[in-house]
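Open the model in your viewer and switch to cartoon view.

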Amino acid sequence: MRTSEDASWELIGSLIAAESSGKSPRLFSSRRTLFGIPSALDEELAKLDQEVAKRAGASEPDGASRPDETSERVGEAPEPASEATASPAPEQAGASKPGGTPKPAGTPRQTQQHVVHPLAPVFDERSRVLILGTMPSPKSRETGFYYNHPQNRFWKVMAALFNEPVPAANQEKKELMLAHGVALWDVLAECTIRGASDGTIAECVSNDIAWLLGQAPVEAVFCTGAKAADLYKRYCEPSTRMPCTRLPSTSPANAATSLDQLIEAYRQILPFCAQA
């Protein structure tokens, strides 16, 4: 004979089945209270309630927040703080960032150095043009001749003007100048300078350009660069009484002037040059 208790258990069974499929958790909870289920079964049904709640939470739309949910997604790195809010510890000088390359040690800054001109002037009885620089560069002092920095374009310009091969050895350079009536020297005999930077020249002592003009039939003086021209006008022209013509510097620092432009500018010396 089917009793009311049997009917209750059948109803509870159907509700459990509905609950397992994710349906009507609230209805089931109220029916369970209504029919007075024994306490042992209450514990089992409480577990079932928790499972149903988890399933219901998993079905919420993406982006919905839950109390126990963090802002990071599984398998994704956390989003870095913005520059406005992040406050990293200051980097130490020379320290490297993780995964980066170490910062190179700083190059010691060159200091002002007192330099005495070490090169003899280049001239002979045929020299009708005098070309003056400021002071030989460190490379020129090291190698013993004028305009000897490997990137200085002076010798390429001279070779182009005279339709000659670019000279390599110091003696070849000297012979090229003398063959075409060109004398070489510099305005300064002494100065302080940092590296090869004309802009740092100070404490100047000039060469005796007037003496050289008395040794050779020089008809025109040319200065390579603005600094050489300024120094010549200040220290030399009062005694030589011969004005100079400023030519663009052939130094690699004067990168704005191309080799072709230099050759064109230096054609001004040709009317005074001897034929080879």
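Two strands count as paired if DSSP finds at least two bridges between them. Keep that in mind for this predicted model.

**Stop 1: strand 2.** Select residues 129-133. Strand 2 and strand 6 run parallel, joined by four bridges. Find Leu130: the residue opposite, in strand 6, is Val221. Now turn to strand 3. Five bridges pair strand 2 with strand 3, again in the parallel sense. Here Leu132 faces Trp185 of strand 3.

Show the side chains of strand 2. Which residues point which way? Val129, Ile131 and Gly133 point one way, Leu130 and Leu132 the other, and all are buried. With five of its five residues buried, strand 2 is therefore largely enclosed by the rest of the structure.

**Stop 2: strand 6 to strand 7.** Select residues 220-224, which are strand 6. Four bridges join strand 6 to strand 7, and the two run parallel. Cys223 stands opposite Arg246 in strand 7.

Stop 3: Zoom out. The four strands form an open, parallel sheet in the order 3-2-6-7. Strand 3 (182-186) and strand 7 (244-247) are the edges; each has a single partner strand, so one side of each lacks a neighbour in the sheet. From one strand to the next, the twist averages 25 degrees.

**Stop 4: the cysteines.** Then select Cys236. Its closest cysteine sulfur, in Cys223, lies 7.9 Å off, too far for a bond. Cys236 is buried, at 1% relative accessible area.

Technical notes: Residues numbered from 1 in each chain as written. Predicted model: local features only at pLDDT ≥ 70, side-chain atom pairs only at ≥ 80, totals over all residues. Heavy atoms only, no water. Axes fitted to C-alpha atoms, helices over the stretch in contact; angles between N-to-C directions. Disulfide = S-S within 2.5 Å. Buried < 20%, exposed > 50% of the residue type's maximum accessible area, 1.4 Å probe, protein only.
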